[in-house]
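Subject: Structure handover

Hello,

Here is the structure I promised to pass on. Please open it first, then read my notes below.

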Amino acid sequence: MSTAVMRERIAEASPRFKARMAGALNFFSLLTAGLTETFVRGRLNFVGGYIAISSMVVVTLLLYGIFKPVSRGLSLLAASLAFLGLIFEALRWQPQGVNIAIVVHGFYCLLIGYLVFRSTFLPRILGALMAFAGLGWLTYLSLPLVNYLSPYNLATAILAELSLMLWLLVMGVNVQRWKEQARAV
């Protein structure tokens with residue numbers, strides 16, 4: 001199958017299918033990263049991390065397509081931030097102990113939360129939860145704050161972010177409202 005045919009099929013896929021794929025790949029990424037960070041050392045740890053990062057690249061592209069009808073510019077900014085964070089994660093860049101990838105991911109979550117809140121095809125509470133996750137990730141800007149709030153900031157950020165991904169996995173998006181919002185743009 002040629003690349004052009006594959007691109008056409010992906011472009012023609014329903015927004016609900018894309019949302020479910022984003023939710024599934026996000027869970028796969030989180031599971032892969034969590035298991036490799038916990039149980040694997042050495043080179044395999046890097047491989048597991050890169051598999052998780054690759055999955056998140058696809059999730060980012062899927063979410064860009066889903067939220068483009070809400071705001072093309074903000075969706076592009078969110079995707080750009082996600083890619084920047086993934087690059088920092090791949091490089092494992094942590095100047096002075098600050099995990100820059102997590103901080104950038106916090107800003108990404110804030111933008112996605114805003115896009116979810118502004119969308120007509122997802123419940124607004126998911127946008128608020130995603131913004132809350134972003135605030136949890138932003139605590140990583142300050143090492144003393146992270147040490148003080150840990151592990152509660154990590155748990156709340158993960159649970160809040162997973163609420164959106166679980167919704168996308170199980171329910172997807174309201175296709176009729178997504179199409180209406182896409183036509184309005």
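Phe88 is buried, at 17% relative accessible area. Buried means under 20%, exposed means over 50%, and partly exposed lies in between, with a 1.4 Å probe and protein chains only. Trp93 is partly exposed, at 42%.

A note on the source. This is a predicted model: local features need pLDDT of at least 70, side-chain atom pairs count only at pLDDT 80 or more, and totals for chains, interfaces and linings use all residues. Numbering runs from 1 along each chain as its sequence is written, and side-chain values use heavy atoms, with hydrogens and water left out.

Rings next. The structure holds three aromatic pairs. Rings of Phe, Tyr and Trp (its six-membered ring) pair if their centres lie within 6.5 Å; planes under 30 degrees apart are stacked, over 60 edge-to-face, and the rest tilted. Phe88 and Trp93 make a tilted pair, 5.1 Å centre to centre with 45 degrees between the planes. Trp137 and Tyr140 have ring centres 6.2 Å apart and planes at 40 degrees, so this pair is tilted too. Both Trp137 and Tyr140 are buried.

On a 1 Å grid over the protein atoms alone, a cavity is a set of points where a 1.4 Å probe fits but cannot get out. A pocket is an open set with protein on both sides within 12 Å along at least five of seven lines, and lining residues have an atom within 4 Å of a point. Grid points join across faces, edges and corners, and a volume is the space filled by probe spheres set on the points.

The largest pocket has a volume of about 1,100 Å³. Its lining has 42 residues; Leu30, Ala33, Glu89, Ile102 and Trp137 lie nearest the centre.

The search found one cavity of 30 Å³ or more. The largest cavity holds about 40 Å³. Its lining includes Thr60, Tyr64, Phe67 and Tyr108. Helix 3 gives the most to this lining, with four residues. Helices here are DSSP runs (H or I, at least four residues), numbered from the N terminus.

Last, helix 2. Helix 2 covers residues 15-39, has 25 residues and reaches 36 Å from first C-alpha to last, close to the 36 Å expected at 1.5 Å a residue. The expected span is 1.5 Å times one less than the number of residues. Buried residues in helix 2 include Pro15, Lys18 and Asn26.

Best wishes

How values were computed:
Helices (H or I, at least four residues) and strands (E, at least two) are DSSP runs, numbered from the N terminus.
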